[in-house]
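Work through the exercises below with the model open. Try each task before reading its solution.

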Amino acid sequence: MSERVIIFDTTLRDGEQSPGCSMTVPEKVRMARKLVELGADILEAGFPIASEGDFEAVQAVSREFPEARVAGLARCCAMDVERAVEALEPARQPRLHTFIATSDIHLKYKLRKTRQQVLEEAVKAVELARRHVDDVEFSAEDGARTDVEFLIEISKAVVAAGAGTVNIPDTVGYSTPKEYGELIGKVARALGSTAIVSVHCHDDLGLAVANSLTAIEAGARQVECTINGIGERAGNCSLEEVVMILKTRSDSYPYYTGIHTEHLYAASELLSSIITFGPQPNKAIVGANAFAHEAGIHQDGYLKEKTTYEIIDPRTVGIPEGKLVLGKHSGRHALHQRARNLGYELDREQLDALYHRFTAVADQRKKGLMDKEIEALIRDCPAAKTAAAG
Ligand code: MN
């Protein structure tokens with residue numbers, strides 16, 4: 001039987017705090033609307049103590065989407081927790097997310113605290129948070145590099161103090177699937193059914209999605225992720241990738257999410273229009289080339305039977321047909337088909353003329369042609385124009 005995995009979106013928090021990704025409060029609200037539509041279970045909207053803007057963003061998202069589960073981040077101290085509680089006040093299902101570093105390297109150089117001090121501060125923060133909200137998540141920052149015995153000790157202590165979710169982040173993107181899966185398995189077995197184990201992976205070694213998947217197999221039931229994989233440094237686990245892996249390979253992964261995948265492309269596009277960059281063209285699921293079949297042989301096979309070269313129907317993730325690129329390696333068959341999809345019925349002579357123009361343009365450039373450009377070529381072609389008019 002398939003088990004549900006909670007999607008905790010942190011596009012508006014971890015994503016937003018990376019270079020080139022700053023968002024204003026109205027922009028966060030616009031993005032939040034799309035994330036709600038997408039079906040993200042929890043929206044982390046900001047870190048209220050960090051700035052006035054972050055406070056306002058958490059408050060605005062809580063106010064605009066009272067039915068959504070909105071999270072606010074706080075370090076394990078009273079000032080942070082109280083500020084986050086205040087920002088979350090309009091939310092009907094607020095989640096308070098409190099964190100403290102637990103690895104020896106962070107304790108020694110950053111916090112200059114002992115394990116005992118960190119454990120006490122974590123418990124105190126969770127207890128304080130629970131006096132205000134029912135839903136509290138604790139994160140052991142740099143969890144992947146934390147001694148497993150201490151990680152289990154602090155996890156049990158915060159759960160006893162009232163945390164319902166324990167997040168074990170790979171804050172620096174250092175872990176590997178095998179190692180991370182084993183760690184998550186140990187924590188999940190230690191906590192049993194007392195709490196949900198969550199993961200938060202960074203992509204410094206390109207393993208954020210793979211690590212998140214092995215963590216799910218090891219017992220994690222919440223994944224923290226972002227649209228387009230944005231986030232600190234190399235970014236976070238990509239929401240669209242982890243969701244589409246579970247959906248496409250449900251034969252290997254008996255898990256499901258509440259994501260309405262047909263909104264994935266629109267969410268990616270909206271984010272790209274708000275921040276300063278979009279996904280790279282060869283980005284899985286949402287990149288411009290993710291569903292482009294340019295080579296003639298691939299296109300020929302694809303047009304005869306899509307599944308020859310396509311493992312996901314682009315409509316599943318909401319990619320409009322007009323986004324599919326035709327390039328200089330595309331064959332006559334593909335061009336004919338595309339013209340037909342655009343509403344132009346071409347005879348052999350007209351297709352020859354169009355194909356000649358098309359290859360001349362496509363040869364000149366490294367990028368393929370979008371539908372709008374193909375349509376312009378058809379209109380420029382006198383013979384085809386008659387056909388279109390007829
Ligand atoms: Mn992070």
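**Exercise 1. Decide whether His 202 is buried or exposed.**

Solution. Start with the cut-offs: buried means under 20% relative accessible area, exposed over 50%, and partly exposed in between (1.4 Å probe, protein chains only). His 202 has a relative accessible area of 3%. So His 202 is buried.
Asp 14 counts as buried because its relative accessibility is 3%.

A note on the source: this is a predicted model, where local features need pLDDT of at least 70, side-chain atom pairs count only at pLDDT 80 or more, and totals for chains, interfaces and linings use all residues. Residues are numbered from 1 along each chain as its sequence is written, and side-chain values use heavy atoms, with hydrogens and water left out.

**Exercise 2. Find which residues coordinate the manganese ion.**

Solution. Donors are N, O and S atoms within 2.8 Å of the metal (3.2 Å for Na, K and Ca); water is not among the atoms, so sites may look incomplete. Asp 14 (OD), His 200 (NE2) and His 202 (NE2) coordinate the manganese ion at 1.9 to 2.3 Å. Along the chain, the donors' spacing reads D-x185-H-x1-H. Asp 14 lies in helix α1 (residues 11–15), and His 202 in the loop between β8 (196–201) and α9 (208–217), 188 residues apart.

**Exercise 3. Count the disulfides.**

Solution. A disulfide is a pair of cysteine sulfur atoms within 2.5 Å. The count comes to 0. Take Cys 76: the closest cysteine sulfur, in Cys 77, is 7.9 Å away, so it is too far for a bond. Cys 237 is in no disulfide, with the nearest cysteine sulfur, that of Cys 225, 5.3 Å away. Cys 237 is buried at 0% relative accessibility.

Methods:
Helix = DSSP H or I, 4+ residues; strand = E, 2+ residues; numbered from the N terminus.
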